[in-house]
Amino acid sequence: MLHLYKVQRVHIPLPIPYTLPVVISHFAFFTLSESAADDESKGAFLLINYQFSIIHSSPMLLTLFFSLNLFLTPSVSAQEAACLPRITDAVPSSIQIDRVERVWLSWNNRLRRRLKLTPYAPHAALTATATEWSLQAKQNGTIDHKRSPDAAYYDYTMIEQWFADRGLTFANVNRTTFTENIGWGTYTCTTDDCTRSLIRAVRKTFNFYMAERLKPSQPHWKSLVNPEFRQIGLGIAVDEAAGRYYLTVHYATEITSTPQSCAAMTYRTEI
């Protein structure tokens with residue numbers, strides 16, 4: 001689970017000239033999560049919500065209130081650790097896939113905040129299903145939405161059954177339940193830590209999704225900004241020999257089932 005560390009509110013008296021106009025309140029929000037993710041910083045992933053308000057307390061003093069909320073990388077329980085090979089086997093050991101997932105989430109949630117939409121919360125069940133589909137694509141050497149060779153390109157009913165076979169059902173919110181985005185691209189890495197290389201590679205897929213907002217057909221863009229979706233899972237499989245990555249994103253309104261499997265693990269986030 002994601003642990004919340006909160007620094008208690010601190011009151012710091014600051015001498016201010018009496019002639020300074022009284023400031024009733026002011027709020028500023030300073031978010032490091034996205035900048036840290038975009039720079040691929042190696043330190044603890046954190047979201048700092050820096051909030052301060054200046055309250056007039058006496059003719060000569062203003063009091064500065066501030067609080068910091070540090071959201072650190074989720075700790076891994078024993079049960080979750082047992083599930084990790086299912087996810088990390090999809091990429092080489094030189095890639096920290098959790099960092100890639102956090103950066104992707106920050107890109108998407110930055111957009112959603114800008115549009116006043118509820119940020120996506122990552123769900124391990126969706127990460128597991130997305131990774132499974134990307135691994136299937138790696139084995140096939142191509143990626144699409146077809147659950148059988150003779151199926152339509154995007155057969156909602158078949159994909160719904162595919163999720164159900166894995167114990168996942170979703171709430172129907174205004175005729176919306178889930179969707180699946182896919183992508184692939186070239187990938188190369190010649191260093192010991194290939195995390196940044198993969199982040200740069202998958203950014204091209206994210207940019208492709210973003211570019212659809214100016215096109216008549218917008219299936220991937222609509223997934224990024226759908227107001228009914230609340231949960232997300234990113235799955236990536238890397239084929240080093242072929243120099244490719246395969247990417248799947250599963251979005252959902254809300255998972256209503258409780259599958260007894262690794263996919264049942266849930267990460268809750270405040271991002």
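**Exercises on aromatic contacts in a predicted model**

**Exercise 1.** Is F178 buried or exposed in this predicted model?

Solution. The relative accessibility of F178 is 5%. A residue counts as buried under 20%. F178 is therefore buried.

**Exercise 2.** Determine how the rings of Y156 and F178 are arranged, and where the two residues lie in the chain.

Solution. A search of the whole structure finds 13 aromatic pairs. In the pair of Y156 and F178, the ring centres are 4.8 Å apart and the planes meet at 10 degrees. Planes under 30 degrees apart count as stacked, so this pair is stacked. Y156 belongs to helix α5 (residues 156-165) and F178 to strand β5 (residues 178-186); the pair thus links distant parts of the chain, 22 residues apart. Y156, at 33% relative accessibility, counts as partly exposed.

**Exercise 3.** Classify the aromatic pair of W162 and F163, and state the burial of each residue.

Solution. The centres lie 5.2 Å apart, with 80 degrees between the planes. An angle over 60 degrees counts as edge-to-face, and the pair is edge-to-face. W162 has 9% relative accessibility and counts as buried. F163 is buried as well, with a relative accessible area of 1%.

**Exercise 4.** Which residues form one aromatic cluster, and which residue lies over the face of W133?

Solution. The cluster consists of W133, Y156, W162, F163, F170 and F178. Over the face of W133 lies R147, at 3.7 Å from the ring centre.

**Exercise 5.** Over which ring does the charged end of R213 sit?

Solution. The charged end of R213 sits over the ring of W221, 6.0 Å from its centre.

Key
Residues are numbered from 1 along each chain as its sequence is written. This is a predicted model: local features need pLDDT of at least 70, side-chain atom pairs count only at pLDDT 80 or more; totals for chains, interfaces and linings use all residues. Side-chain values use heavy atoms; hydrogens and water are left out. Rings of Phe, Tyr and Trp (its six-membered ring) pair if their centres lie within 6.5 Å; planes under 30 degrees apart count as stacked, over 60 as edge-to-face and the rest as tilted. Helices (H or I, at least four residues) and strands (E, at least two) are DSSP runs, numbered from the N terminus. Buried means under 20% relative accessible area, exposed over 50%, partly exposed in between (1.4 Å probe, protein chains only). A charge sits over a ring if NZ of Lys or CZ of Arg is within 6 Å of the ring centre and within 35 degrees of the ring normal.
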